[in-house]
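Good morning, and thank you for joining. Please take a moment to look at the sequence and the model before I go through them.

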Amino acid sequence: MKQTYETGLQGESTAEAYLHDQLGMKCLERRYKTRSGEIDQIMLDKKTIVFVEVKTRLTGQPGQGLMSVTEEKQRRIARAAVIYLM
């Protein structure tokens, strides 16, 4: 479990660095938690708030983590995003 958690944190750090350094986004929040769910990162892209879910995989092809973001996970992220915006 510890290795998985640390891998996830490293993935979030790598994603944030990429979004900031390559795309110019600014980090507003990390690991934003509500009763409804958690958002890994909340970034600002010029005037747009972007809610980021990071899935880190040690094996497989890039983009395969997308398949693990289920409809239920999307609903939890959306509820947490609404709370953040309020």
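Gly37 sits in the loop between E1 and E2, where helices (H or I, at least four residues) and strands (E, at least two) are DSSP runs numbered from the N terminus. This is a predicted model, in which local features need pLDDT of at least 70 and side-chain atom pairs count only at pLDDT 80 or more, while totals for chains, interfaces and linings use all residues. Residues are numbered from 1 along each chain as its sequence is written, and side-chain values use heavy atoms, with hydrogens and water left out.

Is Gly37 buried or exposed? At 14% relative accessibility, Gly37 counts as buried; buried means under 20% relative accessible area, exposed over 50%, and partly exposed in between, with a 1.4 Å probe and protein chains only. Leaving aside residues up to four places away in sequence, Gly37 touches Tyr32, Arg76 and Ala80, contact meaning heavy atoms within 4.5 Å. The C-alpha atoms of Gly37 and Gln74 are separated by 9.7 Å, although these residues are 37 residues apart along the chain.

I turn to the sheet. Three strands form an open sheet in the order E1-E2-E3, with antiparallel pairing; two strands pair if DSSP finds at least two bridges between them. Strand E1 (26–33) and strand E3 (48–52) stand at the edges with a single partner strand each, so one side of each has no neighbour in the sheet. On average, neighbouring strands are turned by 20 degrees against each other, direction ignored. Axes here are lines fitted to C-alpha atoms, for helices over the stretch in contact, and angles run from 0 to 180 degrees between N-to-C directions.

E1 and E2 form a hairpin with 4 residues between them, and 6 bridges join E1 to strand E2 (residues 38–45). Among these bridge partners in E2, Ile39 is that of Tyr32 and Glu38 is that of Lys33. In the loop between E2 and E3 we find Lys46, which counts as exposed at 74% relative accessibility.

Next, the helix. What does the span of H2 show? At 1.5 Å a residue, its 15 residues should span 21 Å, and its end C-alpha atoms are 21 Å apart, which agrees; the expected span is 1.5 Å times one less than the number of residues. The buried residues of H2 are Lys73, Ile77, Ala80 and Ala81. Seen down the axis of H2, these buried residues fall within an arc of 105 degrees, so they line one face of the helix; the arc is that of the directions from the helix axis to the C-beta atoms. They pack against E1, E2 and E3. Lys73 has a relative accessible area of 16% and touches Glu38 and Glu53, not counting residues up to four places away in sequence.

Finally, the aromatic rings. A search of the whole structure finds 2 aromatic pairs; rings of Phe, Tyr and Trp (its six-membered ring) pair if their centres lie within 6.5 Å, and planes under 30 degrees apart count as stacked, over 60 as edge-to-face and the rest as tilted. Tyr32 and Tyr84 are edge-to-face, at 5.2 Å centre to centre and 85 degrees between the planes. This pair links Tyr32 in strand E1 to Tyr84 in helix H2, 52 residues apart. Phe51 and Tyr84 are also edge-to-face, at 6.1 Å centre to centre and 85 degrees between the planes. Tyr32, Phe51 and Tyr84 form one aromatic cluster.
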